[in-house]
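Good morning, and thank you for making time for this item.

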Amino acid sequence: MAAAEPAVPALPGGGGGAGAGAPSGTVPVLFCFSVFARPATVPHGAGYELLIQKFLSLYGDQIDMHRKFVVQLFAEEWGQYVDLPKGFAVSERCKLTTLGNLTPSSTVFFCCDMQERFRPAIKYFGDIISVGQRLLQGARILGIPVIVTEQYPKGLGSTVQEIDLTGVKLVLPKTKFSMVLPEVEAALAEIPGVRSVVLFGVETHVCIQQTALELVGRGIEVHIVADATSSRSMMDRMFALERLARTGIIVTTSEAVLLQLVADKDHPKFKEIQNLIKASAPESGLLSKV
C-alpha cells in the first residue's frame, strides 16, 4: 500500500519549518481523504508508518487497507504540495492523501439517465452510449453491482436500447437530479465494503455533478468516467469535469477504470476485459478541449 517508504534521512529545504501553532517537537500535517482534510500533528522526524497509522486513526472507518497513499511536502518554489522521495523523515509541514485505488469487491457502478429523449441533445451521445455499454459489460464480467437511474422516464423515455441492463442491481425512476435516492442508499448499505463508485451518464454538469458531490459527502470515493459522460454543451461538460477534479473527485477514462479493476494480466478475467478495450474508446471531443 506504500507510495513512499519509511526511512531516516531528513528532507532538504522547501517547506517553511514546523509551522505556526504546532506544539514543540511536532510538525503539522494535513490528512486528506476524498474531499475531506483534517489537520493534525506528528512528532518531528516521524516516518511513513507513523503517518499511515495517524491517517487510519482519522479515516479508518471510511477506507480499506488496499488503498495506496502519497505523501507530499509543501514546496515554496512551486507554491503547492509535491510528492516526497522514497525515504524521508517528517521535518516540515506536509499532507497525506489517497491515490484512488479501485478493487472489484469494494466498487459499484452508477449509470445515470442514459435515456432516449437525450439522444438528439447531448454532445457525442452515440460515443457516450458506446463507452457506457463497454463499462456495463466490464461490470458483468467482474461481478460489480450496477445501479441505473432514469430521469422522469414518463417524459424522457427509458434507457436507450443499446445499453444492456442484464443483471443490474436496480433501475430506478427519479425526479431529483442526484442519483442518491433513498432506495440507492439502501442498496449501497446492503453491499458489504463499498468504498468507491464509478459514475457515468448524463448530464455532466447536472445529475453527474450533483450525484458525485452527494456521494463524497457520505465518504464514498467517486471516479467519473470522462469518456462516458457528456452534456448538451461542451462548455458545461468541461467546466463540470474541471470543477469536480478540483474537489478531489477522480476524473478518469473507461480503459483506466477497467484495467485498474483487473490490476494484473494474470487476473482470471483479464482476457475478457482486454477484448473489451482492443479498440480504443472514442475521444468524444475531449481531446479538442485539452
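Predicted model: local features only at pLDDT ≥ 70, side-chain atom pairs only at ≥ 80, totals over all residues.

Residues are numbered from 1 along each chain as its sequence is written, and side-chain values use heavy atoms, with hydrogens and water left out.

Helix H5 covers residues 204-217; helices here are DSSP runs of H or I with at least four residues, strands are E runs of at least two, and both are numbered from the N terminus. Ten of its 14 residues are buried, so H5 is largely enclosed by the rest of the structure. Buried means under 20% relative accessible area, with a 1.4 Å probe and protein chains only. Among the buried residues are Val206, Cys207 and Ile208. Gly219 follows H5 and has a positive phi, near 85 degrees.

Which residues of H5 meet H6? They are Thr204, His205, Gln209, Ala212 and Leu213, and their partners in H6 include Asp236, Arg237 and Leu244. Contact means heavy atoms within 4.5 Å.

Finally, Ala228 lies in strand E10, residues 221-230. Is Ala228 buried or exposed? Its relative accessibility is 0%, so Ala228 counts as buried. Ala228 touches Ile128, Val131, Gly132, Leu135, Phe200 and Gly201, leaving aside residues up to four places away in sequence. Ser130 is 98 residues from Ala228 in sequence, yet their C-alpha atoms are 8.1 Å apart in space.

Technical notes: Expected span 1.5 Å × (residues − 1). Buried < 20%, exposed > 50% of the residue type's maximum accessible area, 1.4 Å probe, protein only.
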